[in-house]
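Below are some questions and answers on strand order and ring contacts. The structure comes before them.

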Amino acid sequence: MATIHFPAEWEPQSAVQLSLPHPDTDWVDMLEEAQAVFVEIARAILPFEAVLVVAPSLEYAQAVMKDLPQDNIRYAIAPTNDTWARDHGGIGVLDGDKPLLLDFVFNGWGLKFAADKDNLITSVLAQQDVFKAPKVHGGLVLEGGALESDGQGTLLTTTECLLSPNRNPHLSQLQIEQELKRLLGLDRILWLNHGFLEGDDTDSHIDTLARFCTPDTIAYVKCSDPKDVHYEALQAMESELKGFVKKDGTPFTLIPLPWPDACFASDGHRLPATYANFLIINGAVLVPTYRVPQDAEALSTLQTVFPDRKIIGIDCRPLIEQHGSLHCVTMQYPLGFV
């Protein structure tokens, strides 16, 4: 009987999806600045793998990407509300050796924002034969940013997000856990009960807080300033991480990521800058930077964690204006999916 495998992000990939900002998205007031970040992300990915660019029209997509080499860009057309491919993109798993694309419901992070178009993107792309994998509905309200796989049957996630009453209120934690284990081929789920970022709209997505780097290693955001509003929650999260063990009963290697200087929007509210929102691709790791002194330390820390991959910093200061970062606007697909 075939078993489901939910690949870790460091496993071989076929492509990374980007859903472009356009004039009918919340980026309208800073559209050129946002477009430039997407172009830089694509530029960094293209030497390593394909980029799947999703936009409302081919003409618009090609105009945004016109300065990049086109050989490894795949264009797909779909109406979109916004740009957060991590959360409206499909989730690639392997059923034995057969690729399978799980299409979960995306409801705007618990009904906070309109998502009627974004929820249909994966279906629209599947109808255009963009994917080489059959699409199956996942049956849950669930975003990719809430899922962190070690590739060996362990999932890291947060109760704040997955138990949100506006996502799957009809299911208990145990029922959600059972369904995730069935759909993603998991042996166990490690639940974090603490940790948040001010300005975050996702209800504490795991990809803003703690990330598997290898099956043995977790990088996480660490706040050491007792005066910072995040201090108590992130200290509690760190204690939880220290209490987690691998399947053999030994603790994980924990890598603290630097805490960036606070970034603020023009109206004064704090923006969710986090170095945990990096993207692992074939041969490289793309790391968000925020024009703060801690950027260099974040890059060097992750280079020690990924010694065999090129570390590429991407200025993501514009992205956090809409409360997300680099990992949030990307979705990787395993080898053989695109």
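Rings of Phe, Tyr and Trp (its six-membered ring) pair if their centres lie within 6.5 Å; planes under 30 degrees apart count as stacked, over 60 as edge-to-face and the rest as tilted. This is a predicted model, in which local features need pLDDT of at least 70, side-chain atom pairs count only at pLDDT 80 or more, and totals for chains, interfaces and linings use all residues. Residues are numbered from 1 along each chain as its sequence is written, and side-chain values use heavy atoms, with hydrogens and water left out.

Q: Which residues do ring pairs link into a cluster?
A: The structure holds 7 aromatic pairs. Ring pairs join into a cluster the residues Phe106, Trp109 and Phe113.

Q: How many residues apart in sequence are the parts that Phe212 and Phe252 tie together?
A: Phe212 and Phe252 form a tilted pair, 5.9 Å centre to centre with 55° between the planes. Phe212 lies in strand S11 (residues 210-214) and Phe252 in the loop between helix H8 (231-243) and strand S13 (253-257), so the parts tied together are apart in sequence by 40 residues.

Q: Is Phe252 buried or exposed?
A: Buried means under 20% relative accessible area, exposed over 50%, partly exposed in between (1.4 Å probe, protein chains only). Phe212 and Phe252 are both buried.

Q: Over the ring of which residue does the charged end of Arg211 sit?
A: A charge sits over a ring if NZ of Lys or CZ of Arg is within 6 Å of the ring centre and within 35 degrees of the ring normal. For Arg211 the charged end is 4.4 Å from the centre of the ring of Phe278.

Methods:
Helices (H or I, at least four residues) and strands (E, at least two) are DSSP runs, numbered from the N terminus.
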